[in-house]
Amino acid sequence: MAELKLLLEHSHDPAYRTLKGYEATGGYQALRKAVLGERQAIIDEIKASGLRGRGGAGFPTWIKWNGIPKEKKTTHYLICNADEGEPGTFKDKQLLETCPFLLVEGMTLAGFATQADVGYVYIRGEFVDAARSLRNAIDEAYAAGLLGQNILGTGWNFDLHIHMGAGSYECGEESALMSSLMGERGMPRLKFPHAPLPTVAGLFDKPTVINNVETYACAPFIVAKGGEWYSTLGAGTKNSRGTKIFSVSGHVNRPGNYEVEFGTTLMELLEMAGGMKGGALKACVPGGSSVPIIDAEACEKAVIGYEEMSEVKSMVGSGGCMFLNEHTCIVSFIWRTAMFYAMESCGKCTPCREGTKWMRQVMERIVRGNGQPGDMELLLDITKQLDGRSFCGLGDAAAWPVAAALRVFPQEFEYFIENGRSMVDSPQAQALAPSFEDLVSV
Ligand SMILES: Cc1cc2nc3c(=O)[nH]c(=O)nc-3n(C[C@H](O)[C@H](O)[C@H](O)COP(=O)(O)O)c2cc1C
Ligand code: SF4
């Protein structure tokens with residue numbers, strides 16, 4: 001399959017960042033149509049479309065929107081998660097910079113469907129250009145009566161605010177994000193079934209929907225063209241519908257964001273990105289740094305779909321797809337990943353606070369050439385203490401890459417531990433190996 005640009009179709013055109021340019025391509029037709037009908041009709045279209053959350057977990061979007069009380073008794077909130085902290089993922093950044101009205105219209109549709117009063121876009125602090133582009137779009141939408149009071153004469157009021165985060169990966173976790181928005185520390189809260197769902201008690205303990213940028217950006221197309229139409233995209237997969245944007249990086253000739261229909265193969269995605277650079281394909285991390293690494297053989301079989309990707313023991317995740325060539329030292333690569341999660345652990349729960357640091361220490365002594373017999377078993381044991389036993393998903397996210405690398409590339413760990421150096425003897429592997437500055441900083 002070739003690239004299928006739905007969300008990104010006009011992303012190259014600067015005019016698309018203006019209201020006039022957006023409307024010229026059919027923008028706001030969905031909202032104008034939706035406000036004439038029942039609120040529930042929007043949710044029904046989202047249900048028919050089969051849309052699942054693009055932030056990583058793939059949760060059905062309509063269930064969240066439908067979970068907001070129909071009888072309005074208090075303030076309803078809407079949040080867009082634009083934190084995009086997952087290493088390897090940069091598609092929300094491009095959407096915000098080049099297609100800001102898709103998000104504004106998508107959130108307005110979701111807001112109307114759920115009777116929201118206020119929306120927040122929580123943007124990663126470093127995304128200055130993205131925030132500027134979104135600011136312009138929001139200002140234009142207010143001036144045109146598409147945000148604010150009495151939107152399109154419906155009597156419905158909806159305000160949309162931007163909130164800049166401070167660059168913490170954990171603040172992308174939805175309950176930590178809400179804590180951060182409320183002025184608290186960016187740490188997660190208890191979740192369902194131990195606490196109510198955000199749709200019951202979310203931001204300021206009020207009914208709240210939280211979705212990813214790409215998820216909201218799909219809504220205008222679904223409402224304008226119909227959920228049935230959308231569900232024909234990706235129909236060859238078990239339960240993945242529509243398109244997904246993959247941020248392709250690593251050893252490829254043309255890194256960048258590629259939007260593909262579900263059902264596209266991983267090798268087709270690699271071809272779109274210009275194929276491998278500097279050597280043959282060795283491995284791939286298909287969905288962002290937290291998802292399990294797969295080898296070249298699994299890449300050949302991998303089909304892009306939530307269920308399909310699990311058949312090769314990995315995940316679609318947030319779509320941060322890193323292709324690695326034969327000169328990559330997997331041990332050094334995974335050590336860097338482990339270092340990231342150890343740094344980003346918020347420290348609230350013991351398995352993750354201690355486990356991520358311990359994993360980093362063991363990985364570090366291996367890449368320093370001081371690995372010990374039993375280190376592989378020890379690492380695997382630590383991953384088991386983290387996975388499913390941490391307070392939030394960061395603990396799982398830290399465990400999966402290490403556990404997968406031990407399973408798929410055990411010989412590289414064995415060699416490093418036995419010989420005190422990488423079995424990959426190349427300048428590229430050396431470049432990935434820790435520098436003195438790296439080692440003293442950990
Ligand atoms: C540690 C951690 C970081 C996360 N970071 C992000 C993020 O940057 N962006 C995002 O959309 N979802 C992120 N998520 C997932 C969110 O918690 C949540 O599932 C998502 O925003 C829901 O939106 P969706 O249903 O549209 O995917 C993260 C989850 C965890 C555990
Ligand atoms: S798993 Fe625990 S320590 Fe790690 S980020 Fe979540 S709450 Fe914090």
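This is a predicted model: local features need pLDDT of at least 70, side-chain atom pairs count only at pLDDT 80 or more; totals for chains, interfaces and linings use all residues.
At what angle do helix α17 and helix α18 pack, and how far apart are their axes?

1. **The α17/α18 pair.** Helix α17 (residues 375-386) packs against helix α18 (residues 393-408) at about 150 degrees, and their axes are 8 Å apart. An angle over 145 degrees counts as roughly antiparallel, and α17 and α18 are therefore roughly antiparallel to each other. The crossing of α17 with α18 is left-handed. On the α17 side the contact uses Met376, Leu379, Leu380, Thr383 and Leu386, and these meet Gly395, Asp396, Ala398, Ala399, Val402, Ala403 and Leu406 of α18. Sorted by class, this contact holds 9 nonpolar, 2 polar and 1 charged residues.

2. **α16 against α17.** Helix α17 also packs with α16, here at about 160 degrees with axes 9 Å apart. α16 and α17 are therefore roughly antiparallel as well, and their crossing is left-handed. From α16 come Pro351, Cys352, Gly355, Trp358, Met359, Val362 and Ile366, while α17 brings Asp375, Leu378, Leu379, Ile382, Gln385 and Leu386. The class count for this contact is 10 nonpolar, 2 polar and 1 charged.

3. **α15 against α18.** Helix α18 has a further partner in helix α15 (residues 330-344): their axes come within 10 Å and cross at roughly 170 degrees. That makes α15 roughly antiparallel to α18. Ile330, Ile334, Thr337, Ala338, Tyr341 and Glu344 of α15 meet Leu394, Ala397, Ala398, Pro401, Val402 and Ala405 of α18. The residues here divide into 10 nonpolar, 1 polar and 1 charged.

4. **Ligand 2.** Which residues are the closest to ligand 2? They are Cys346, Cys349, Cys352, Ser390 and Cys392, out of 14 residues that surround ligand 2. Two of the helices above return here, as α16 (350-367) and α18 each supply at least two residues of the shell. By class the shell around ligand 2 has 7 nonpolar, 4 polar and 3 charged residues.

5. **Ligand 1.** Ligand 1 is surrounded by 24 residues, with Gly53, Gly55, Gly172, Asn212 and Gly393 the closest. Both β4 and α18 supply at least two residues each to this shell, and α18 does likewise for ligand 2. The shell around ligand 1 divides into 7 nonpolar, 10 polar and 7 charged residues.

6. **The parallel sheet.** Strand β4 takes us to an open sheet of 4 strands, ordered β3-β2-β1-β4 with parallel pairing. β3 (159-164) and β4 (208-212) are at the edges with a single partner strand each, so one side of each has no neighbour in the sheet. On average, neighbouring strands of this sheet are turned by 20 degrees against each other, direction ignored. Strands β1 (residues 77-82) and β2 (residues 118-123) are joined by 6 bridges, and Ala82 stands opposite Ile123 in β2. Helix α6 (residues 100-113) packs on the sheet and touches β1, β2, β3 and β4, with its direction at about 150 degrees to that of β1.

7. **The mixed sheet.** A further open sheet has 5 strands in the order β6-β5-β9-β7-β8, and its pairing is mixed. β6 (256-261) and β8 (294-295) stand at the edges, each with a single partner strand, so one side of each is left without a neighbour in the sheet. The pair of strand β5 (residues 243-250) with β6 is antiparallel and has 6 bridges. Within that pair, Ile245 has Glu259 of β6 as its bridge partner.

8. **Two backbone details to look at.** Most residues other than glycine have a negative phi, and most peptide bonds are trans. Glu84, in the loop between β1 and α5 (91-98), has a positive phi near 35 degrees. The peptide bond from Phe192 to Pro193 is cis, with omega near 10 degrees. Pro193 is found in the loop between α8 (174-181) and α9 (198-201).

Notes
Residues are numbered from 1 along each chain as its sequence is written. Chains are lettered from A and ligands numbered from 1 in the order in which they are written. Two strands pair if DSSP finds at least two bridges between them. Axes are lines fitted to C-alpha atoms, for helices over the stretch in contact, and angles run from 0 to 180 degrees between N-to-C directions. Two residues are in contact if their C-beta atoms, placed from the backbone, lie within 7 Å. Angles under 35 degrees count as roughly parallel, over 145 as roughly antiparallel, 65 to 115 as roughly perpendicular and the rest as oblique. A crossing is left-handed if the near helix is turned anticlockwise from the far one by less than a right angle, and right-handed if clockwise. Ala, Val, Leu, Ile, Met, Phe, Trp, Tyr, Cys and Pro count as nonpolar, Asp, Glu, Lys and Arg as charged, and the others, Gly among them, as polar. A residue is near a molecule or strand if its C-beta atom, placed from the backbone, lies within 6 Å of it.
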